Amino acid sequence: MPKSDHLQGSLELLVLKILRRGPNHGYALVHYIEQASDEVLRVEEGSLYPALHRMTEAGLLKAEWRQSEAGRRARFYDLTAKGRKKLEAEEKRWNNVTAAVAKVLRTVS
Amino acid sequence: MGLWSRLRRTLFNSPRDAEINEEIQFHLAMKAREGRDPREARLRFGNPTTIREETRAMGIFEWLESVLQDARYGLRQLRRTPVVTLSIIISLVVGIGANTAIFSIVDAALLKSLPVADPQSLRVVQWTTSQGWPEQLAHGHSGTTDGDPRGRMQGSSFGPRLYRALAREQTAFESLIGFAGGDATVGVEGRIAERTGLFYVSENFFEGLGVAMLLGRTFDAQDDQIGREPVVILSHRFWLRHFGGRSDVLDRAVRINNVAARSVGGAGGA
């Protein structure tokens with residue numbers, strides 16, 4: 001599987017969407033994205049953690065050290081109200097864009 | 001990222017290296033637990049230092065550091081092109097120097113007011129004639145005059161006799177002050193004489209300008225008569241420079257252009 005560049009723009013959206021279900025740590029995010037996409041999408045940790053810090057900085061997420069299920073201390077991220085709003089907007093945008101792309105693909109043959 | 005958020009991030013709640021490290025370590029440990037080869041997991045993770053740096057680059061010290069780096073890099077580049085650098089430096093030096101010099105002149109000539117009681121009310125009296133040279137100025141006149149093509153003449157220099165008549169009869173001003181000269185050779189009590197600024201002034205000079213005496217007396221009407229012993233008042237600057245502000249400078253013999261005079265006062269400073 002080559003590096004999936006097409007994940008770049010959507011990483012933030014995926015993170016927001018997954019965290020909507022409750023706080024989680026970076027590793028779980030990677031795991032979940034890969035599992036849910038049947039390993040089509042692979043998250044580069046090198047982009048995930050900077051993105052998480054950037055989003056925390058922007059006030060979309062809040063971070064907190066907690067005991068993980070493995071018994072180790074892990075940094076858990078959770079959505080803020082601002083993050084929730086952002087998720088709504090981004091999801092709508094994403095659906096519009098993908099629908100538009102699909103439409104173009106359908107009409108041009 | 002803005003400077004302010006960098007600052008805030010540095011002052012409050014900034015993820016220090018240790019924290020980022022722990023986060024990465026946790027991630028690697030989870031991978032290892034899952035049964036992946038730790039080395040492969042680390043490789044896939046990418047370079048932890050890069051991640052740390054990328055995350056850390058949001059603080060202010062890193063920003064300052066990179067500013068310093070940029071500055072050093074800039075200096076190295078400058079050193080590589082000495083001729084260009086030198087010409088830039090010289091243009092800056094000349095430009096700034098010229099500006100400073102011009103400003104000093106403008107400041108002294110236009111902006112700073114004279115060290116007198118009411119500089120705003122000072123006026124220079126000028127004469128204008130509709131045609132030719134005024135008869136009253138024919139004697140004892142010095143200084144510059146301007147003419148225009150229609151024969152009209154202007155000037156601000158008056159002969160002593162006209163000055164005296166004006167000073168006596170004018171009612172437009174509180175007082176009319178006369179002065180002449182500019183430089184003279186001045187020697188104080190046997191010391192080596194030197195060229196220094198000197199004005200011959202009317203007796204009302206200091207009262208008219210509102211400059212108080214620090215020492216001795218000002219001129220009086222007696223002094224302003226032909227045939228009297230010339231008397232001199234030291235300017236504040238002259239007094240400080242030649243006598244170091246001493247108080248025993250009155251009644252000294254002073255030679256002005258080799259004519260004997262006597263010091264009677266010292267003027268106050270600005």
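Start at Leu48(A): setting aside neighbours within four places in sequence, Leu48(A) is in contact with Gly26(A), Leu29(A), Val30(A) and Val43(A). Contact here is a matter of C-beta atoms, placed from the backbone, lying within 7 Å of each other. A word on the ground rules: residues count from 1 along each chain as its sequence is written, and chains are lettered from A, with ligands numbered from 1, in the order in which they are written. The model is predicted, so local features need a pLDDT of at least 70 and side-chain atom pairs count only at pLDDT 80 or more, while totals for chains, interfaces and linings use all residues.

Along with Val15(A), Leu52(A) and Leu61(A), Leu48(A) has the most contacts inside the largest nonpolar core, a set of 23 residues. Such a core takes buried Ala, Val, Leu, Ile, Met, Phe, Trp, Tyr and Cys residues and joins them through C-beta atoms within 7 Å. Buried means 20 or more other C-beta atoms within 10 Å of a residue's own, exposed means 12 or fewer, and partly exposed is in between, again with C-beta atoms placed from the backbone. Two or more residues each come from helices H1 (11–19), H2 (26–36) and H3 (45–57) and strands E2 (61–67) and E3 (73–79) of chain A, and from helix H2 (17–33) of chain B. The biggest share is from H3(A), with five residues. These elements are DSSP runs numbered from the N terminus: helices are H or I with at least four residues, strands are E with at least two. Apart from this core lies another, of 12 residues, including Val186(B), Phe206(B), Leu234(B) and Val249(B).

Now look along H3(A). Its buried residues are Glu45(A), Leu48(A), Tyr49(A), Pro50(A), Ala51(A), Leu52(A), His53(A), Met55(A) and Thr56(A). E1(A) and E3(A) pair over two bridges, and His25(A) has Phe76(A) in E3(A) as its bridge partner.

Most residues other than glycine have a negative phi. Glu39(A), in the loop between H2 and H3 of chain A, has a positive phi near 65°. Glu39(A) is exposed, with 10 other C-beta atoms within 10 Å. In chain B, Asp251(B) has a positive phi near 60° and lies in the loop between helix H9 (236–243) and strand E8 (253–256). Asp251(B) is exposed too, with 9 C-beta neighbours inside 10 Å.

As for confidence, chain A averages a pLDDT of 85, and 90% of its residues score at least 70; pLDDT is the predictor's confidence in each residue, from 0 to 100. Over residues 1–5 of chain A the pLDDT is below 50, and this stretch has four contacts in the model beyond near neighbours in sequence.

Methods. Contact = placed C-beta atoms within 7 Å. Pairing = 2+ DSSP bridges.
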